[in-house]
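Please look over the sequence and the model below before reading on.

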Amino acid sequence: VDRTMGYKPSFSSEPTTNRAFADDLTLLSDRLDKMKRLVGQMEEFLAWTRTMRAKPSKCVALGMKVVDNTYRSFDPEIIIANEKVAYLGDTPIKFLGHWIYVNLGQDETRELITTQLSGQLEKVDM
């Protein structure tokens, strides 16, 4: 994979095109045209294996762009295995045990943990 198709986070000196753990794969790119090429390369690899296949129903897509100096999400309309991948929208997803929100903030995660902890502590106090 051509590393120039990847995304370079501010904390990294090198761009990355993916993050993988077990059978989960996250593709990253700084441009939509590059993302679509990455998806194509992933599909070619899966076809080459003859045994692995994508499961579009388990995939989500999220595009981000800057509008008025603020990141805004949009549906990148990614197609995998001839199926449109669901747009993440405002729905959080759990990734490696951590909730990810479109705004990439942690306020919602903090609130969720606080609520769950309070509920558990109430059970102990009974």
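Predicted model: local features only at pLDDT ≥ 70, side-chain atom pairs only at ≥ 80, totals over all residues.

How many aromatic pairs does a search of the whole structure find? The search finds one aromatic pair.

**Helix H1**

- Helix H1 covers residues 32-49, which is 18 residues.
- From its first C-alpha to its last, H1 reaches 26 Å, close to the 26 Å expected at 1.5 Å a residue.
- The buried residues in H1 are Lys 34, Met 35, Leu 38, Val 39, Met 42, Leu 46 and Thr 49. These residues lie on the same side of H1, because they cover an arc of only 145 degrees around the axis.
- Strand E2 (24-27) and strand E6 (79-80) are among the elements that cover the buried residues of H1.
- On the face turned away from the buried side, H1 carries the exposed residues Glu 44, Ala 47 and Trp 48.
- Arg 50 follows H1 and has a positive phi, near 65 degrees.

**Salt bridges**

- Side chains of opposite charge can pair when their charged atoms come close.
- Three salt bridges are found when the whole structure is searched.
- One of them joins Asp 30 to Lys 34, with 3.4 Å between the closest N and O atoms. Asp 30 counts as partly exposed because its relative accessibility is 46%, whereas Lys 34, at 17% relative accessibility, counts as buried.
- Arg 31 and Asp 33 also form a salt bridge, and their closest N and O atoms are 3.2 Å apart. Asp 33 has a relative accessibility of 39% and therefore counts as partly exposed; Arg 31, at 48%, counts as partly exposed too.
- Asp 75 and Lys 84 meet through their side chains in a salt bridge of 2.7 Å, N to O. Lys 84 has a relative accessibility of 45%, so Lys 84 counts as partly exposed. Asp 75 is partly exposed as well, with a relative accessible area of 24%.

**A charge over a ring**

- Which ring lies under the charged end of Lys 65? The charged end of Lys 65 sits over the ring of Phe 74, at 5.1 Å from the centre of that ring.

**Points to locate in the model**

- Lys 34 belongs to the buried residues of H1, and Lys 34 is also the salt-bridge partner of Asp 30.

Key. Residues numbered from 1 in each chain as written. Heavy atoms only, no water. Phe/Tyr/Trp six-rings, centres within 6.5 Å; stacked < 30°, edge-to-face > 60°. Lys NZ or Arg CZ within 6 Å of the ring centre and 35° of its normal. Salt bridge = Lys/Arg side-chain N within 4 Å of Asp/Glu carboxyl O. Buried < 20%, exposed > 50% of the residue type's maximum accessible area, 1.4 Å probe, protein only. Helix = DSSP H or I, 4+ residues; strand = E, 2+ residues; numbered from the N terminus. Expected span 1.5 Å × (residues − 1). Arc of directions from axis to C-beta. Contact = heavy atoms within 4.5 Å.
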